[in-house]
Each structure stands twice: as structure tokens, then as C-alpha cells.
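Here's a quick tour of a protein model with a ligand in it. Have the viewer open and follow along.

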Amino acid sequence: MISKFVHILGVPFINTTQKDFIATLETHVAKQEKTFVVTANPEIVMHSLKDETYKQILAKATYITADGIGIVKAAAIIGEPLPERVSGYDVMLDLLEAANKNHSSVFFLGAAEEVLQATVKKAKQDYPGIKVAGSHNGFFDWNDHQLPQQIKNAAPDFVFVALGFPRQEQWIGANIDQFDKGVFIGIGGSFDVFSGSVKRAPEMWQKMNLEWFYRLVKQPSRWKRMLVLPKFAATVIGRKALRKG
Ligand code: UDP
């Protein structure tokens, strides 16, 4: 039997294809069930190992998906393969498509004001069936209760939280209890890509699983963050060896 979750360094990843995952989320929306989605990459997994509070936030998530080829490779290494990556950006696009079809409402939270405005404009243009329940840029006072109240009153079906890691998970974790419904999903820098402010890797690079390399070339300042990748691989392989020994 295929298990529903694959545990990688203690993080339970949902064993699903992107298509099935979208269908699952649509079911939650139809039933108005509150849902917290984390799209986790190796950086998130490694952070959870050293930050207990962050680990507890991940434990609150309804689903954690494999964002990135690193997670898919790690699953193969431990002998519990995941079918494919289910990345934040791709999930956001598919959810917008689903929202368009079902006339669902969407709240956009995060990024700089111009990026956010461009994102909302493009979303309305490309997905005319969606209802924009509201939007707010990602630079706000976390102690101000006005924003959560605004979201609570709007009661959107989907809330895209583009505050970057680990902020987006921290914000959702800290606020989700006060909402009655909605799919809350952290999607990193997706508004920057969607609005055209940052270019995504060409499809060819994505197919070859070299998106991370493209981002590194385009934003060399990210190199330090990428050091976590070999550490992640070494930890996965190390733990596997320990289990066998
Ligand atoms: N961001 C935000 N609020 C903040 C910090 C960042 O809304 O306090 C936004 C930023 O403008 C960008 C996104 O979060 O659109 C992703 O930022 P970053 O590249 O730091 O995150 P990651 O790539 O780790 O998800």
C-alpha cells in the first residue's frame, strides 16, 4: 500500500500528484474547511531541524507538499518515492484556475505594493471568474489586528500568503485560529514571478530540474542560502545509513 505521507527528516510530505492535490483542496473549499498548506523545500526542512517553534508551526499544517526537486530526490533516496514536485507557484496557478472555474474568492497577501497591485491586476485579467476578496502588501505590523480582521470579514476561499519563508508559515500559524474558513498557503516569491517582476527559469531549465541553478545565476546573492542543499542531502543520506546500520 502506498502511504499517504513520506517523512523526510521528520517532516511529513503528502504523497500526491499536483493534479490530485488541487482536487483535494477544491474539496476542502467546497466544504468550507479551513486548510493550512506549506510548500516545503529543503531549506524549510533544515530550518525545522534547528528551530523548534518553526517545527511546531509545521505540525499545525494540514498538508506539506514537496516544493522542489531536492525533496523528490530525498524521498527516492529513502526508498519512499514521491511522484513529483508540488511547488507553491504551480499550485497557485492551478488554484487560480480552479477559483476561476468555481467563482471562488481570493485574498492576496504579500510582496511590495507595486508587485501586489500588478499581481491583482493580472489575476483579474487572466482569471475573470475569480472574486478578489482583498489584498495587502507584505510589509505591515504583525501586532496590528486590522489585517486579520479584514481577512476574517472577507472570508475568502483562498488566501495566498507571499511573505517568503519562514515568515509566511509563521504568519499563518499565528493567525489561522481566528479564521472560520479558507485555504491558506505560503507561496514565497510567487507574486514577483506572476507579476513579471522576477523571471522564472525557462521551461527547458525547469524540465531539467535546474531551476535552482537559474535562480542562482540570476540572483547570485542567494548562493549562501543554497549551501543548505548539500547539507540537506548529507543529512538525508546520513540518517538513512544510520537506520540501516
Ligand atoms: N516579503 C514580504 N514581506 C517581508 C519580506 C518579504 O512580503 O517582510 C516578500 C518579498 O517582497 C517577496 C517574497 O516575500 O515577494 C519572497 O521573499 P524572499 O525572496 O525573501 O523569500 P523566499 O524566496 O525565501 O520565499
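What follows covers the model itself, the sheet, the ligand site and one serine beside that site's residues.

## About the model

This is a predicted model, so to speak of local features we need pLDDT of at least 70, and side-chain atom pairs count only at pLDDT 80 or more, while totals for chains, interfaces and linings use all residues. Residue numbers start from 1 along each chain as its sequence is written, and side-chain values use heavy atoms, with hydrogens and water left out.

## The sheet

Start with the open sheet: 6 strands, parallel pairing, in the order β4-β3-β8-β7-β5-β6. (Strands are DSSP E runs of at least two residues, helices are H or I runs of at least four, and both are numbered from the N terminus; two strands pair if DSSP finds at least two bridges between them.) β4 (63-66) and β6 (131-136) sit at the edges with a single partner strand each, so one side of each has no neighbour in the sheet. From one strand to the next, the twist averages 20°; axes here are lines fitted to C-alpha atoms, for helices over the stretch in contact, and angles run from 0 to 180 degrees between N-to-C directions.

Zoom in on β7 (residues 158-162) and β8 (residues 183-186), which pair in the parallel sense over 4 bridges. F158 stands opposite V183 in β8. Helix α5 (residues 88-102) lies across β3 (35-40), β5 (105-110), β7 and β8, and runs at about 155° to β7.

## The ligand site

Now the ligand's oxygen atoms. A polar side-chain atom of D192 lies 2.4 Å from one of them, and a polar side-chain atom of R167 lies 3.5 Å from an oxygen. G164 brings a backbone N or O atom to 3.3 Å from a ligand oxygen. Taken alone, the ligand exposes 540 Å², and the protein buries 76% of that (Shrake-Rupley areas, 1.4 Å probe).

## Serine 195

S195 is in the loop between α9 (190-194) and α10 (203-207). Its side chain reaches the backbone oxygen of F191 at 2.8 Å, and a polar atom of that S195 side chain lies 3.3 Å from the backbone oxygen of D192. Leaving aside neighbours within four places in sequence, S195 is in contact (heavy atoms within 4.5 Å) with V115, A118 and T119.

Definitions and conventions. A polar contact is a pair of N or O atoms within 3.5 Å; within protein, one must be able to donate a hydrogen and the other to accept it, and residues adjacent in sequence count only if both atoms are side-chain atoms.
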